[in-house]
Amino acid sequence: MDENEILTPEEEIQAEDIMPDFPEDDPEEWERKRREEWEAKLAPFKALRQTINEHDELMAETLYEVTLLELGEMEE
């Protein structure tokens, strides 16, 4: 779209819908909102990563104990 192009009212509404909401007076406020939105999008993935890390740690401990049992060195 050319910046000098004249839009119909319908096209203008569509363009406004896809434009982000910029607080014009306060760029710091916009940056804070942008970071909050980004963190909200990342939150489920961070929770999943935490779950996977816990699972990996439990699996590592279990494999270690099984190996020791197989070697006959496990203390009870």
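Student: What should I know about the model before reading it, and how many helices and strands does the chain have?

Tutor: This is a predicted model, in which local features need pLDDT of at least 70 and side-chain atom pairs count only at pLDDT 80 or more, while totals for chains, interfaces and linings use all residues. Residues are numbered from 1 along each chain as its sequence is written, and side-chain values use heavy atoms, with hydrogens and water left out. Helices (H or I, at least four residues) and strands (E, at least two) are DSSP runs, numbered from the N terminus; here the chain has two helices and zero strands.

Student: How many of the residues, as a percentage, count as buried?

Tutor: Buried means under 20% relative accessible area, exposed means over 50%, and partly exposed lies in between, with a 1.4 Å probe and protein chains only. Of the 76 residues of this chain, 3% count as buried.

Student: What is a salt bridge, and how many does a search of the whole structure find?

Tutor: In general, side chains of opposite charge can pair when their charged atoms come close. The term is used for a side-chain nitrogen of Lys or Arg within 4 Å of a carboxyl oxygen of Asp or Glu, and a search of the whole structure finds five of them.

Student: Which residues form salt bridges with Glu31?

Tutor: Arg34 forms one, with the closest N and O atoms 2.5 Å apart, and Arg35 forms another, at 3.0 Å. Arg34 and Glu31 both lie in helix H2, which covers residues 27-71, and they are three residues apart, about one turn of the helix. Arg35 and Glu31 are four residues apart in helix H2, again about one helical turn. As for accessibility, Glu31 is partly exposed at 24%, Arg34 is partly exposed at 35%, and Arg35 is exposed at 52%.

Student: Where do Glu36 and Arg32 lie, and which network are they part of?

Tutor: Both lie in helix H2, four residues apart, about one turn of the helix, and salt bridges that share partners join Glu29, Arg32 and Glu36 into one network. The side chains of Glu36 and Arg32 meet in a salt bridge at 2.3 Å, N to O. Glu36 is partly exposed, with 46% relative accessibility, as is Arg32, with 37%.

Student: Which residues gather in a patch of negative charge on the surface?

Tutor: A patch is made of residues with over 30% relative accessible area and no salt bridge, like charges being joined within 9 Å and nonpolar side chains (Val, Leu, Ile, Met, Phe, Trp, Tyr) within 5 Å. Asp and Glu count as negative, and Glu54, Glu57, Glu61 and Glu65 gather in such a patch here. Among them, Glu65 is found in helix H2 and is partly exposed at 40% relative accessibility.

Key. Areas by Shrake-Rupley, 256 points an atom, 1.4 Å probe, with all protein chains shown as cover. Charge placed at Lys NZ, Arg CZ, Asp CG, Glu CD.
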